[in-house]
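Let's take a look at the aromatic rings in this one. Have the viewer ready and follow along.

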Amino acid sequence: MKRINNSVIALSLFIGIANANAQEKKQLSLDEAVQLGIQNSKSLKIDAAKIEEATADLLAAKNRQLPDLSISGSYLYLPIKPTIDLKIPGVASAGGPSVHQVAYGSANLSVPIYSGGRIKYGIQSAKYLVEASKLSTENDKVAIAYNVAQAYNNLFKANQSIKVLEENLSASQKRDETFLKLENNGVIARNDRLKANLQTSNIELQLLEAKNNYNIANINMDLLLGLPEATEIEVDQQYIDEADDVKPVDFYLNEARENRKDLQALDQQRKAAELGTKSAKAENLPSIAFTSGYVAADIPKFLTIYNAVNVGVGVSYNLSNLWKENSALKQSKAREMQLSATNELLNDNIKLDVNREFQNTDYSKKRIAVFEKAAVQANENYRITKNKYDNGLATMTELLDADAAQISANVGVINAKADAALAYRKLLQTTGTLTIK
């Protein structure tokens, strides 16, 4: 039996060690978390593919200004003897050679000279669209930086709540032990001791909820950062002091006008649309190209042609443009109108966002002062109530109420500071200046 007990103990220790090792801990500052989030973002991988697509479109536009060279060749077998009737004076076609095969080849070169500006406009437009794709990616990076900061903030608040509740639970349990001794000595009533026990149970429930929130927030962070789901992230609370220096709202409005990547991307799209309109107008103009070719043919026992070189200028014009309306031009003008209206709407939204987040940041800072004042008052109230209770001047209910208010106030201070730091980052996001330090 002793051997079995020893084996069970050894197995339990092994399982405990294995579980401890399975939960890897990783300490990250907020900026390090943001960097990881950007590196492992799925949406940024999609953006990278869009940039590649826009770059390929630019390459296709540039290729249109390069010469086109084509080579073709054919070999034909004629199973039935063809009838050949030559109309050349003095040359008899009757009884001519028996032709059963034909081989010929050609090479054609075309170099664009003039296309009404369609090629030039296409290249410039494609460049603008590539830049717009890159700017959209930068805008998404700013959004991801805030999303990571929000998740990090939730993790920090959950972790801090756990610490405060654990401290209060420890104090409450010690108080329960003291009250039990007092009850046994007949100093306090059993009902008062039970009230204290109930307070301890309530703290335990709050602690369980806080730990559950922490685990959910930790898994969310792991997924955002591309880390294994079993990784426990240790946060650094230094980021909560970022919102100390808040400038006037006009400063942030100017920052938004200069730095918002979505606004800059829209500007690039508008430039591309303007060139699209010019290119659509050029559809009504002719195209001119330098052309050159080479032809060789061989019909055994009948005809051989070599060095048949031709050089010239080709002109093409779609005569249907004379009676067909230019639908591409109308579409391009409608696109310009749409982007212009979108630009106005985006500017209005930016003004609203910046002003709203500036007010939220200011409000969050003021909340810190109120919560700190409330915490001082709650702590002092608990100290006074405890002294009164010890001297028989306060009831157990008053003591427990003072303790609950103290817990709530202390947690409120921590949450208010974290919320203020997050509100400041949200303000930076609306100005397009939220970056990795």
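What follows is a short tour of ring pairs and of charges over rings.

## Ground rules

This is a predicted model, where local features need pLDDT of at least 70, side-chain atom pairs count only at pLDDT 80 or more, and totals for chains, interfaces and linings use all residues. Residues are numbered from 1 along each chain as its sequence is written, and side-chain values use heavy atoms, with hydrogens and water left out.

## Ring pairs

Rings of Phe, Tyr and Trp (its six-membered ring) pair if their centres lie within 6.5 Å; planes under 30 degrees apart are stacked, over 60 edge-to-face, and the rest tilted. That rule gives five aromatic pairs. One of them is Phe179 with Tyr389, a tilted pair at 5.8 Å centre to centre and 50 degrees between the planes. Phe179 sits in helix H4 (residues 118-184) and Tyr389 in helix H8 (residues 327-390), so the pair ties together parts 210 residues apart in sequence. Helices here are DSSP runs (H or I, at least four residues), numbered from the N terminus.

Phe251 is partly exposed at 34% relative accessibility, while Tyr252 is buried at 2%. Tyr152, Phe156 and Tyr239 make up one aromatic cluster.

## Charges over rings

A charge sits over a ring if NZ of Lys or CZ of Arg is within 6 Å of the ring centre and within 35 degrees of the ring normal. Phe251 turns up again here: Lys247 lies over its face, 5.1 Å from the ring centre. Lys426 lies over the face of Tyr146, at 4.6 Å from the ring centre.

Note on methods: Helices (H or I, at least four residues) and strands (E, at least two) are DSSP runs, numbered from the N terminus. Buried means under 20% relative accessible area, exposed over 50%, partly exposed in between (1.4 Å probe, protein chains only).
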